[in-house]
Amino acid sequence: MIRFMNLFFIIAALALSITSSPKVYASTTVDIITFDITDNSNATPKDEEAPSAPQDVANEKIAYFTFDDGPTSDITDQILDELKRLNIKATFFVVGKEIYQKEDILKRIYNEGHSIGLHTYSHDYKKIYSSPDVFLQEMQQTADYINEVLGTDANIKFIRFPGGSAGKLNQEFYDQIKSAGYTIFDWNVNLEDGVRPDATVEELINNAKIVSNKIPERIILAHCNLNNKNTVKSIESIYEYYKAQGYTFAPINNNTKEFHYQFDK
Ligand SMILES: [Zn+2]
C-alpha cells in the first residue's frame, strides 16, 4: 500500500510537472514526497488531493499591496478610494519631500488604517546612494516629518529602497540598517508601473501574476505617482486573482517577515 502511494504521488508529481514551470516542479515534487513519507498510513490518496500546489500546504498566504512614491495629489486619493471600496489595507512607502502640501493625503492614509513605510526623503538616487549615512539620514528625516504631520510618535521602521535593494546592499550597509532598527521590504511581484507608467491596465494585471521569488508572501510593488493613471484600475483584478488563490491582503506590520534581495557578503 505504502509503495503504491509512493508511486501514485510520484506519478502525480510528474504529471503536475508537465504543466508547471521547472521551478514549481522542483519544490512540488519534494513537498509531495515529503508529505507521503511523513504522513500517517491512513491517509487515503484521492484524485483531487494529489495535485495540491505547495502553497496550499505552506504557511499562511498573505499578500501585501505596496504603493511607492506618494503621497501625490489625485492619484494617491484615487488609490485610497479603491482600497476603501474593496476593503483592502495596504502599505504606502512615502517619499519625505512629497508630503509637503499633501499632508492631508498622508493623514488619510494613516486614518484609513494603511501602513506607512519610508522611501527616503529626496528619492534622488545620486544623493541617497552616495553613502549609507545619507540613506539612513533621509529615512529618519522622513520618519520625523511623518510624525510631525500626523502628531504621532510612531516609530516607523519599514523601509523600501528606491529601485530595490539589489546591487546596493552589502553586509556593512545591512548591519547599519539593522542597527538603526529598520526592516527592509523589497518585492516579489511587480506591476512594472514604475518603469512603465504608460502600461495598459491589462499589462499591469498580467505583470502582477508573475512571481519573481518564491517566498510564501506576495509583496506587490505598485506606484502612486502622478503618472500612474492605470494602476488604480488594475487593483481590483489583482486583488481578485490573489484572493482566488487563497491569499489574504494585509498591511505590512511588525509580524511581517523582512524581505530583501540576496547580496554579496
Ligand atoms: Zn520609488
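The largest nonpolar core has 50 residues, and of these Phe65 and Ile220 touch the most other members. A nonpolar core is here a set of buried Ala, Val, Leu, Ile, Met, Phe, Trp, Tyr and Cys residues joined through C-beta atoms within 7 Å. A residue is buried if 20 or more other C-beta atoms lie within 10 Å of its own, exposed if 12 or fewer, and partly exposed in between, with C-beta atoms placed from the backbone. The largest share of this core, five residues, is supplied by helix α10 (residues 231-244). Helices (H or I, at least four residues) and strands (E, at least two) are DSSP runs, numbered from the N terminus. Leaving out residues up to four places away in sequence, Phe65 touches Ile88, Ala90, Ile220, Ala222 and Phe249. Two residues are in contact if their C-beta atoms, placed from the backbone, lie within 7 Å.

The structure is a predicted model, in which local features need pLDDT of at least 70 and side-chain atom pairs count only at pLDDT 80 or more, while totals for chains, interfaces and linings use all residues. Residues are numbered from 1 along each chain as its sequence is written.

The protein chain contains 10 helices and eight strands. Of its 265 residues, 33% count as buried. Among contacts between residues at least 6 apart in sequence, 78% join residues at least 24 apart.

Strand β1 (residues 62-68) and strand β7 run parallel and are joined by six bridges. Two strands pair if DSSP finds at least two bridges between them. Phe65 has Ile220 as its bridge partner in β7, and Tyr64 stands opposite Ile219 in β7. Strand β1 also pairs in the parallel sense with strand β8 (residues 248-249) over two bridges, where Ala63 stands opposite Phe249. Three bridges join β1 to strand β2 (residues 91-94), again in parallel, and Thr66 stands opposite Thr91 in β2. Strand β1 is largely enclosed by the rest of the structure, because six of its seven residues are buried. With α4 and β2, β1 makes a right-handed β-α-β unit. A crossover is right-handed if, with the strands pointing away from the viewer, the path from the first strand over the helix to the second runs clockwise.

Strand β7 is mostly covered, with six of its six residues buried. Arg218, Ile220 and Ala222 point one way from β7, Ile219, Leu221 and His223 point the other way, and all are buried. Strand β7 also pairs in the parallel sense with strand β6 (residues 189-190), over two bridges. In this pairing, Asn190 has Leu221 of β7 as its bridge partner. Between β6 and β7 the chain passes through helix α9 (residues 201-207), and this β-α-β crossover is right-handed.

Within β7 (residues 218-223) lies Ile219. Ile219 counts as buried because it has 24 C-beta neighbours inside 10 Å. Tyr64 is 155 residues from Ile219 in sequence, yet the two are 4.9 Å apart in space, C-alpha to C-alpha. Apart from neighbours within four places in sequence, Ile219 is in contact with Tyr64, Thr66, Phe185, Trp187, Asn188, Val189 and Phe259.

Two packed helices are described by the angle between their axes and the distance between the axes. Helix α5 (residues 103-111) packs against helix α7 (residues 132-150) at an angle of about 85 degrees, with the axes 10 Å apart. Helix α5 is therefore roughly perpendicular to α7. The contact involves Glu103, Leu106, Lys107 and Tyr110 of α5 and Ile146, Val149 and Leu150 of α7. Axes are lines fitted to C-alpha atoms, for helices over the stretch in contact, and angles run from 0 to 180 degrees between N-to-C directions. Angles under 35 degrees count as roughly parallel, over 145 as roughly antiparallel, 65 to 115 as roughly perpendicular and the rest as oblique.

Some backbone features occur in loops. Gly70 and Pro71 are joined by a cis peptide bond, with omega about 0 degrees. Pro71 is found in the loop between β1 and α4 (75-86). Asp74 is placed in the loop between β1 and α4, and has a positive phi of about 70 degrees although it is not a glycine. Asp74 is exposed because 12 other C-beta atoms lie within 10 Å. Thr120, in the loop between β3 (115-118) and α6 (125-128), is likewise a residue other than glycine with a positive phi, near 70 degrees. Thr120 counts as buried, having 27 C-beta neighbours inside 10 Å.
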